[in-house]
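This report describes selected local features of one protein chain.

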Amino acid sequence: MCGIIGIVGKAPVNQQLYDGLLVLQHRGQDAAGIVTCDGNTFFMHKNNGLVKDVFQTRHMRSLIGNAGIAHVRYPTAGSSSAAEAQPFYVNSPFGIVLGHNGNLTNSDQLKQEMFRQDLRHINTSSDSEVLLNVLAHEIEKTSHNIILNNDMVFDAVAGVHRRCKGAYAVVAMIANFGLLAFRDPFGIRPLVIGMAETEKGIEYIVASESVALDVLGFKMLRDIEPGEAVFIDMEGNLFSRQCAENAKLNPCIFEYVYLARPDSVIDGVSVYQTRLDMGASLAKKIKREWADKHIDVVIPIPDTSRPSALQLGISLGLDYREGFIKNRYIGRTFIMPGQALRKKSVRQKLNPIGIEFKGKNVLLVDDSIVRGTTSQQIVQMARDAGANKVYFASAAPPVRFPNVYGIDMPSRDELLATGRTDDEICKEIGADALIYQDLDELVRDVKLSNPKIIDFDCSCFDGKYVTGDIDDAYLSRIESARGDLNGNQKPANSSTQMDLNLINADEEDEVVELV
């Protein structure tokens with residue numbers, strides 16, 4: 001899960017890109033980067049850390065130009081090295097920078113093709129660098145080193161679609177030419193486009209979520225379609241083309257459950273309304289299956305579950321209370337690397353309000369249960385605060401399968417629901433009773449806002465991977481690689497270190513000028 005933004009404006013865009021990244025900070029807290037374009041020159045600064053920590057005044061002053069792209073990351077492929085902060089850059093052909101949200105499922109195969117056929121060198125273990133080099137090679141092959149035009153760029157994107165598998169929403173800039181944005185043929189990861197009318201002319205923006213457009217004063221035009229590419233030249237002219245065969249919308253349903261901000265609209269679906277509907281559906285199931293249980297109060301686990309818990313409480317005629325106070329200066333435990341760190345941070349992150357628990361039968365509502373680390377400790381916190389009974393409700397179905405499309409759920413061994421019954425999960429987290437949302441109901445809840453969406457990627461719930469290239473052998477390989485990474489971190493090789501010195505700003509902590 002990452003957040004991406006691209007802007008072609010009529011004035012310097014560095015502040016807009018920065019403000020947009022702040023709005024998308026929930027999509028990645030590991031690293032941030034901005035690249036601006038002024039003529040043939042890119043100006044880049046990126047580093048590990050939150051947006052507010054990566055960029056200082058001196059960096060912003062050096063990010064000049066009326067167009068640029070930006071990225072916030074958490075690592076789902078590769079490592080958390082600062083060398084893998086995005087955007088990435090290649091100087092041939094023309095000079096290209098790229099930011100990517102998603103995950104390529106055939107990255108290893110593409111790396112071999114890069115080395116043996118395309119004669120390109122990959123410096124890091126990031127699939128985003130692979131994607132950049134595939135795009136660069138396809139542009140080079142299409143343009144034949146002559147003057148680039150829009151049709152050549154779209155032909156190159158068509159080549160990317162033919163070669164790359166998995167999920168990818170992309171923003172890229174070609175030096176002195178324009179901004180390119182495209183989405184994989186299944187539309188797994190979100191990407192929207194907007195515009196703003198200014199005295200100097202029309203400005204365009206592309207971003208992962210509509211909330212970035214709202215905050216920056218852009219009017220949303222539409223979602224970029226699956227397989228579609230949009231190109232905006234430096235004069236602000238917009239072009240688009242469908243570049244994939246048999247494109248079909250299958251958005252990731254977990255965006256609506258957890259990833260996206262509630263004030264975003266993705267593929268015509270209000271995230272907030274969906275979460276309200278999830279709560280109403282779960283309330284119906286509780287009425288059917290928990291008629292024998294007395295519940296005094298509904299308490300959400302902040303923040304994502306609040307709309308679902310509120311509507312659940314209203315539907316059941318129960319009191320809704322805020323029972324946990326969140327320390328907003330602690331990172332989200334779901335995206336923290338390492339189980340030990342996740343466990344340590346939960347009690348730093350949440351603190352119970354004792355009077356809301358003492359002597360009561362409480363129903364805790366969370367958006368989902370992934371590893372179970374947070375759920376187990378929160379149940380215990382409720383008991384320690386004096387709760388009589390602790391019931392637990394998940395607004396999403398059990399997460400039983402790895403997500404290979406850009407969410408950090410890659411190992412079946414780390415997922416609490418894999419190989420366990422609901423009763424076993426309930427016992428594991430220490431609750432008195434546990435209830436899950438049904439997948440059919442979750443799909444129905446999302447479709448209520450946009451019935452035109454036929455299918456979703458629900459792979460983390462049902463194990464059905466929409467790209468059709470995932471089997472048990474693939475899952476075993478990525479789980480083995482993840483185990484090696486967690487248990488025995490390998491040092492960077494010499495080529496990676498050389499790349500750091502050439503194009504990364506971390507050691508000098510200054511903006512890098514890329515010509």
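## A buried aspartate in a loop

Two residues are in contact when heavy atoms of theirs lie within 4.5 Å. The model is predicted. In it, D457 touches I188, N250, P251, C252, I253, N403, Y405, K464 and V466, leaving aside residues up to four places away in sequence.

D457 belongs to the loop between α14 (439-447) and α15 (459-462). Because its relative accessibility is 2%, D457 counts as buried, the cut-off being under 20% relative accessible area. Its side chain also makes a polar contact, at 3.0 Å, with the side chain of S459.

## Helix α6

Helix α6 covers residues 150-163. At the start of α6, a side-chain oxygen of N149 comes to within 3.1 Å of the backbone nitrogen of D151.

Is α6 mostly covered or mostly uncovered? It is mostly covered, with 11 of its 14 residues buried. The buried residues are N150, M152, V153, F154, A156, V157, A158, G159, V160, H161 and R163. The elements that cover them include the helices α4 (107-118) and α5 (127-143). The strands β7 (166-174), β8 (178-183), β12 (228-233) and β13 (238-242) are also among the covering elements.

## Helix α4

Helix α4 has 12 residues, but its end C-alpha atoms are only 14 Å apart, short of the 16 Å that a straight helix would reach at 1.5 Å a residue. Its buried residues are S107, L110, E113, M114 and D118. These residues are on the same side of α4, because they cover an arc of only 110° around the axis. An α-helix has 3.6 residues a turn, so residues three or four places apart point the same way.

The buried residues of α4 pack against β6, α5 and α6. The face turned away from the buried side carries the exposed residues D108, F115 and R116. After α4 comes L119, which has a positive phi, near 55°.

## Backbone exceptions

Most residues other than glycine have a negative phi, and most peptide bonds are trans. Two further residues with positive phi, neither of them a glycine, are N176, at about 60°, and D267, at about 50°. N176 is found in the loop between β7 and β8, and it counts as partly exposed because its relative accessibility is 43%. D267 is in the loop between β14 (265-266) and β15 (269-270). With a relative accessible area of 7%, D267 is buried.

Which residues are joined by a cis peptide bond with omega of about 5°? They are Q86 and P87, and P87 lies in the loop between β4 (67-73) and β5 (88-90). Another cis peptide bond joins S92 and P93, with omega of about 0°. The loop that holds P93 runs between β5 and β6 (96-104).

Conventions. Residues numbered from 1 in each chain as written. Predicted model: local features only at pLDDT ≥ 70, side-chain atom pairs only at ≥ 80, totals over all residues. Heavy atoms only, no water. Helix = DSSP H or I, 4+ residues; strand = E, 2+ residues; numbered from the N terminus. Expected span 1.5 Å × (residues − 1). Buried < 20%, exposed > 50% of the residue type's maximum accessible area, 1.4 Å probe, protein only. Polar contact = N/O pair within 3.5 Å; in protein donor to acceptor, adjacent residues only side chain to side chain. Arc of directions from axis to C-beta.
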